[in-house]
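Subject: Structure handover

Hello,

Here is the structure for you to take over. Please open it first, then read the notes below.

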Amino acid sequence: MIVLGIETSCDETAVALIRDGDAVLASKLYSQAELHAAYGGVVPEVASRDHLRKLPPLAEETLAAAGRGWDALDAVAVTIGPGLIGPLLVGVAYAKGVALARGVPLVGVNHLAAHLFAHRLAYPDVPPPFLGLIVSGGHTLLVHVADWGAYRVVGSTRDDAAGEALDKFGRLVGLGYPAGPKIDELAAAGDPGAIPFPRPMIESGLDMSFSGLKTAAVYRVRDHGNEPLADLCASYLQAVAEVLAEKAVRAAQRLEVRDIAVVGGVAASRRLREVLTTRAAQRHLDAHFPPPELCTDNAAVIGACGHHRLVQHPKGDGLRITPDPGLALDTSSG
Ligand code: KG4
Ligand code: ZN
């Protein structure tokens with residue numbers, strides 16, 4: 001079965017062609033980051049208009065890259081949430097058009113469940129049950145994945161997402177948007193112990209909080225002036241990584257699972273990989289990180305997640321699917 005995956009929930013226009021749920025025939029991505037950089041974050045209306053311009057040609061490019069035509073499609077999978085309503089509407093409307101024109105099933109995909117499928121694409125030999133750590137620009141979730149499609153959120157951030165905390169810090173120190181990759185790069189040359197940033201809520205529980213960390217950074221920069229940027233980045237990222245690592249390891253131990261699957265844009269961070277891999281190993285757990293291109297937003301994971309949903313519901317969800325900006329991750333997510 002060949003599935004066309006479509007992702008437009010935020011500022012990445014992405015299309016992929018997936019065969020049988022695990023073979024990525026082609027995966028194309030157009031990032032709007034430059035378009036939004038001037039504003040320091042994603043402007044929803046600008047994002048919608050750009051998806052509208054870029055999605056149709058990107059779909060053609062994806063098919064061409066796979067050496068297939070429109071007649072190759074057996075189904076269409078599209079992100080229906082969570083995300084920005086305008087951008088989601090563009091993807092869903094386009095997906096409906098393709099499904100209707102080709103007479104193939106259409107499935108709506110939960111963006112958070114799709115992030116988990118990065119682990120399935122990268123590590124087919126490490127199946128559920130495991131602890132999923134979804135760390136992106138909009139979400140920070142600890143998820144008990146009992147099986148594919150059986151998700152239970154066991155912890156989450158009470159305020160900012162981890163990626164948001166990085167992006168806001170980046171804006172503070174003038175790194176532009178999105179700042180995560182640059183902070184990670186600069187951190188490699190800095191001292192993670194140089195500045196004693198707090199580790200909010202690290203002592204107990206599975207919930208997290210990152211907004212206080214950002215405030216601590218604001219005061220630090222105001223009161224201490226010209227500290228080396230590499231040290232600031234290394235120390236700040238270390239605080240974020242230690243909180244995420246501690247919570248993930250604690251959750252895995254409580255749930256009595258051995259494997260931790262880390263996905264979402266922040267999972268691309270080299271520092272987070274080092275910290276979490278070490279902490280997991282100390283407690284005889286294994287942390288798995290997909291390659292960066294599967295961690296950040298992409299359509300290969302949408303196609304893979306959609307395929308799984310189609311295996312369970314061969315007729316798909318029908319043309320009535322509608323975007324839901326606040327869609328939660330639960331057992332109906334597929
Ligand atoms: O999953 P994603 O691409 O989009 C959302 O669904 O939000 O995640 C984007 C987030 C941004 O906050 C970005 O700064 C962060 O992931 N990010 C990184 C890295 N690459 C992306 N953070 C740290 N290190 C990276 N290498
Ligand atoms: Zn995402």
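A definition first: donors are N, O and S atoms within 2.8 Å of the metal. Keep in mind that this is a predicted model.

**The zinc site**

The donors of the zinc ion (ligand 2) follow the spacing H-x3-H-x181-D along the chain. The protein donors are His111 (NE2), His115 (NE2) and Asp297 (OD). They lie 2.0 to 2.1 Å from the zinc ion. The site has four donor atoms, with angles of 95 to 136° among them. It is irregular: four donors count as tetrahedral if all angles lie between 85 and 135 degrees.

His111 and His115 both sit in helix α4. They are four residues apart there, so about one helical turn separates them. Are these two histidines buried or exposed? His111 is buried, with a relative accessible area of 9%. His115 is buried too, at 3%.

Look next at the open sheet of five strands with the order β3-β2-β1-β4-β5. Its pairing is mixed. The edges are β3 (23–31) and β5 (106–110). Each has a single partner strand, so one side of each is left without a neighbour in the sheet. From one strand to the next, the twist averages 20°.

Helix α4 (residues 111–122) packs on this sheet. The helix touches β1, β3, β4 and β5. Its direction makes about 90° with that of β5.

One pairing to look at is β1 (residues 2–7) with β4 (residues 75–81). These strands run in the parallel sense, over four bridges. Leu4 stands opposite Val76 in β4.

Another open sheet of five strands has the order β8-β7-β6-β9-β10. Pairing is mixed here as well. Which strands stand at the edges? They are β8 and β10 (286–288). Each has a single partner strand, so one side of each lacks a neighbour in the sheet. The twist averages 25° from strand to strand. Helix α8 packs on this sheet, touching β6, β7, β8 and β9 (259–263). The direction of α8 makes about 155° with that of β6.

Strand β7 (residues 140–147) deserves a look. Six of its eight residues are buried, so β7 is largely enclosed by the rest of the structure. On one pairing, β7 joins β6 (residues 130–135) in the antiparallel sense, over six bridges. The two form a hairpin with four residues between them. Leu133 has Leu142 as its bridge partner in β7. Leu131 stands opposite His144 in β7.

Strand β7 also runs antiparallel to β8 (residues 150–156), joined by six bridges. Leu141 has Ser156 as its bridge partner in β8. The hairpin of β7 and β8 has two residues between the strands. In that hairpin, Gly149 takes a positive phi near 95°.

His144 is found in strand β7. With 16% relative accessibility, His144 counts as buried. Beyond its neighbours within four places in sequence, His144 is in contact with several residues, including Phe130, Tyr151, Arg152, Leu255 and Val257.

**Aromatic pairs**

How many aromatic pairs are there? The count comes to four. Here are two of them.

- Phe117 and Trp148 form a tilted pair, 4.6 Å centre to centre, with 45° between the planes. Phe117 lies in helix α4 and Trp148 in the loop between β7 and β8, so the pair ties together parts 31 residues apart in sequence. Both Phe117 and Trp148 are buried.
- Phe169 and Tyr236 form a stacked pair, 4.0 Å centre to centre, with 10° between the planes. Phe169 lies in helix α5 (residues 162–172) and Tyr236 in helix α8 (residues 229–255), so this pair ties together parts 67 residues apart in sequence. Phe169 and Tyr236 are buried as well.

Ring pairs also link Phe117, Phe130 and Trp148 into a cluster.

**Where to start**

Begin at helix α4. It carries His111 and His115, and Phe117 lies in it too. Then go to β7, where His144 is found.

Best wishes

Conventions:
Residues are numbered from 1 along each chain as its sequence is written. Chains are lettered from A and ligands numbered from 1 in the order in which they are written. This is a predicted model: local features need pLDDT of at least 70, side-chain atom pairs count only at pLDDT 80 or more; totals for chains, interfaces and linings use all residues. Side-chain values use heavy atoms; hydrogens and water are left out. Two strands pair if DSSP finds at least two bridges between them. Axes are lines fitted to C-alpha atoms, for helices over the stretch in contact, and angles run from 0 to 180 degrees between N-to-C directions. Contact means heavy atoms within 4.5 Å. Buried means under 20% relative accessible area, exposed over 50%, partly exposed in between (1.4 Å probe, protein chains only). Donors are N, O and S atoms within 2.8 Å of the metal (3.2 Å for Na, K and Ca); water is not among the atoms, so sites may look incomplete. Four donors count as tetrahedral if all angles lie between 85 and 135 degrees; four count as square planar and six as octahedral if opposite donors are over 155 degrees apart and all others between 65 and 115; anything else is irregular. Rings of Phe, Tyr and Trp (its six-membered ring) pair if their centres lie within 6.5 Å; planes under 30 degrees apart count as stacked, over 60 as edge-to-face and the rest as tilted.
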